[in-house]
Amino acid sequence: MVTTIPYQIVYSRPESFSEVSTHYCPGCTHGIAHRLIAEVLDEMGLREKTIGVAPVGCSVFAYNYFNCDFVEAAHGRAPAMATGIKRVLPDRTVFTYQGDGDLASIGMAEIMHAAARGENITVVFINNAIYGMTGGQMAPTSLPGQKTTSSPRGRDVETTGFPVRMAEILSKLDGVGYSVRRSLHDPKNIRLSKKAIRMAFEVQSRGLGFAIVELLSTCPTNWGMTPKEALHWVEDRMIPVFPLGDYKITSSVAGIRV
Amino acid sequence: MARELLKGNIAMAEASIRAGVEAYFGYPITPQTELLEWMSLRMPELGRAFLQAESEVAAINMVYGAACTGKRVMSSSSSPGVSLMMEGLSYIAGTEVPVVLIDVVRGGPGLGNIAPSQGDYNQIVHGGGHGDYHAIVLAPASVQEAIDLTVLAFDLAEKYRAICIVLADGNVGQMMEPAELPPMLPLDRPVPDWAVQGAQGRERRILSSIYLKPEDEEVTNIRLLERWQTIEANEVRFKEYYLEDAEIAVIGFGSAGRVAYSAVRAARAEGIRVGLLRPITVSPFPSARIAELASQVRAFLVAEMNTGQMLADVQLAVSGRAPVEFYGRLGGVVPFPDEILTEIQRIAYRPMTMNGDPRRSWLKRLKSQME
Ligand SMILES: Cc1ncc(C[n+]2csc(CCOP(=O)(O)OP(=O)(O)O)c2C)c(N)n1
Ligand code: SF4
């Protein structure tokens with residue numbers, strides 16, 4: 001007699017994730033952020049109605065990793081491109097995935113105005129305090145004193161200013177329904193990040209305005225650290241400058257349970 | 001449809017609507033603004049997308065996104081705004097999605113002024129954005145032509161998955177003339193098989209302008225070039241007037257071509273055998289027809305509202321087989337027919353030489369005329 005052992009799949013590749021390996025460096029948290037988005041698209045059944053907008057940055061090839069329709073924007077212009085898509089296809093789910101150079105430097109105007117218009121899109125913002133793709137130059141989010149290839153003596157706030165806190169800035173705009181900051185440095189925070197990403201897509205599917213999740217992320221390669229050191233650096237150095245928290249949850253969004 | 005008195009900018013806007021444009025993104029700039037204003041009124045009442053963007057940079061990237069869905073989309077602007085769109089236009093060209101842009105050119109460089117000019121010919125015809133691509137460029141000379149070419153622009157853009165630019169100048173945008181609008185087309189185009197609208201029941205699609213491997217980019221550049229060669233073979237358009245027996249051929253596009261037409265008629269009344277070729281497509285350029293004329297006429301006169309930008313294209317087509325003279329007005333000044341008539345008379349009654357850059361002698365004449 002054959003007995004079948006009941007089994008339950010507890011972990012598998014999300015359908016929204018393509019079957020390819022990513023080009024990200026070992027220990028880079030871009031891949032974790034990708035997976036969380038793919039899981040949320042699966043859970044919400046959105047894969048077939050989603051159009052993603054990839055940025056210019058290390059995640060320029062994000063479109064290869066998601067099993068949904070994708071376009072590739074110019075550096076910083078993803079929110080404008082997403083606006084164009086959403087305005088002609090309002091019943092589709094549109095999200096951008098952007099780094100800090102992309103979103104908070106060259107694309108500052110596009111993100112601010114998409115948010116101010118209450119553009120009904122979801123933005124996943126990867127803040128790794130550096131320009132990854134171009135080899136580790138200073139970003140608007142680099143920490144005071146942080147050494148980068150274009151601030152070799154450390155970021156001097158006298159001449160280069162201070163880190164830009166996007167989750168806080170965007171929370172001040174009336175068009176924004178949801179603006180939070182999370183971190184990807186440990187399992188607990190990864191779970192909280194996923195919940196926030198889920199919320200940001202729920203906000204879009206209910207038409208409740210612009211939603212952004214800022215994710216503190218690692219760049220071990222350009223920070224010159226091991227993956228483990230990089231995770232600690234996020235916790236010890238980045239979080240004090242970029243406090244985790246909910247910066248805006250409008251009352252209609254607050255009622256959503258995920 | 002009946003003819004009605006229409007302003008160029010509004011006529012181009014309404015023509016776009018009748019041609020089935022489903023989304024418009026733009027930013028105010030004189031002398032184009034009435035186009036955007038008309039769209040702000042009409043598009044929402046038809047349930048179509050209108051958005052005043054935060055800048056021309058954003059506007060063209062909104063157009064880019066919307067074009068990726070396979071919808072008919074457009075923007076309009078004037079010179080400084082179009083400069084800001086060049087990045088987006090290059091991405092659009094690299095992604096091979098159809099887009100229509102109307103450029104109502106004004107005086108420049110810099111902030112320049114808001115008067116009619118053709119100073120952006122090189123930017124629009126010979127490039128602008130980075131990389132190896134061509135845009136189809138149509139040059140209307142009247143409100144009616146602005147309407148007809150705007151409608152054509154959408155068809156050409158879609159036929160070739162290319163950028164089609166209507167290169168109007170401030171005159172065409174601002175003047176009022178009787179003209180006839182086309183009937184309203186139904187919005188029943190099928191979704192193109194490259195469009196990104198969500199991967200429902202099919203493989204997912206990606207639209208991008210990245211070809212990281214040089215070999216792949218080379219293949220793309222070749223594809224774009226071959227498509228351009230098809231466009232060159234099929235889409236050259238121009239208008240000819242009195243050229244059958246002409247000894248002198250005047251060449252001018254848009255408003256300058258229209259002013260030249262009056263001059264040519266006046267010269268004909270004097271018995272001068274002169275004709276006019278007015279390119280409708282300045283890109284692709286009617287080089288073959290001009291080359292043909294080079295073995296018929298004694299001399300060419302190029303008339304432009306710039307310092308001789310199309311002149312170089314004419315010279316290339318003529319290839320030294322006849323003298324090419326030049327007359328231009330600059331900075332937003334529109335030439336009078338008399339000025340061009342004087343040039344035609346000069347060429348008709350004095351022996352022509354082929355010495356040097358025709359712009360040197362033109363500049364001398366222009367400056368003495370200005371004194
Ligand atoms: C207009 C333009 N300027 C500059 C660049 C070069 N560039 C590519 S990626 C990048 C910075 C990306 O940094 P970030 O957005 O922080 O993303 P990360 O690579 O760190 O994920 C820059 C400056 C470009 N591609 N386009
Ligand atoms: S360079 Fe930095 S951000 Fe880019 S993949 Fe490597 S670790 Fe990640």
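**From a loop to a pocket and a cavity**

Tutor: B:Pro109 sits in the loop that runs between strand E5 (99-105) and H5 of chain B. Helices here are DSSP runs of H or I with at least four residues, strands are runs of E with at least two, and both are numbered from the N terminus. Before going on, note that this is a predicted model: local features need pLDDT of at least 70, side-chain atom pairs need pLDDT 80 or more, and totals for chains, interfaces and linings use all residues. Residues count from 1 along each chain as its sequence is written, chains are lettered from A and ligands numbered from 1 in the order written, and side-chain values use heavy atoms, without hydrogens or water.

The peptide bond from B:Gly108 to B:Pro109 is cis, and its omega is near 10°. Chain B has another cis bond to look at. It joins B:Thr30 and B:Pro31, with omega about 5°. B:Pro31 lies in a loop too, between strand E2 (23-26) and helix H2 (33-45) of chain B.

Now follow H5. H5(B) gives the largest share of the lining of the largest pocket, four residues. A pocket is found on a 1 Å grid over the protein atoms alone, as an open set of points with protein on both sides within 12 Å along at least five of seven lines; a lining residue has an atom within 4 Å of a point. This pocket holds about 440 Å³ of space. Such a volume is the space filled by probe spheres set on the points, which are joined across faces, edges and corners.

What lines the largest pocket? There are 27 residues, and B:Trp228, B:Glu232, B:Ser283, B:Pro284 and B:Phe285 lie nearest its centre. At least two lining residues come from each of these elements of chain B: H4, helix H5 (121-125), H8, strand E13 (281-283), helix H10 (287-294) and helix H11 (310-318). Domains matter here as well. Domain 1 (4-234) and domain 2 (238-370) of chain B each supply at least three residues of this lining. Those bounds come from an automatic or database domain assignment.

By class, the pocket lining has 18 nonpolar, six polar and three charged residues. Ala, Val, Leu, Ile, Met, Phe, Trp, Tyr, Cys and Pro count as nonpolar; Asp, Glu, Lys and Arg are charged; the others, Gly among them, are polar.

The structure holds three cavities of 30 Å³ or more. In a cavity, a 1.4 Å probe fits but cannot get out. The largest cavity has about 140 Å³ of space. It is lined by 15 residues, and B:His134, B:Arg161, B:Ala162, B:Leu224 and B:Arg227 are the closest to its centre. Helix H4 (79-95) and helix H8 (214-234) of chain B are the elements that give two or more residues to this lining. H8(B) gives the most, with four residues. The cavity lining has ten nonpolar, one polar and four charged residues.

H4 and H8 of chain B each supply at least two residues to the lining of the largest pocket. H4 and H8 of chain B each give two or more to the lining of the largest cavity as well.
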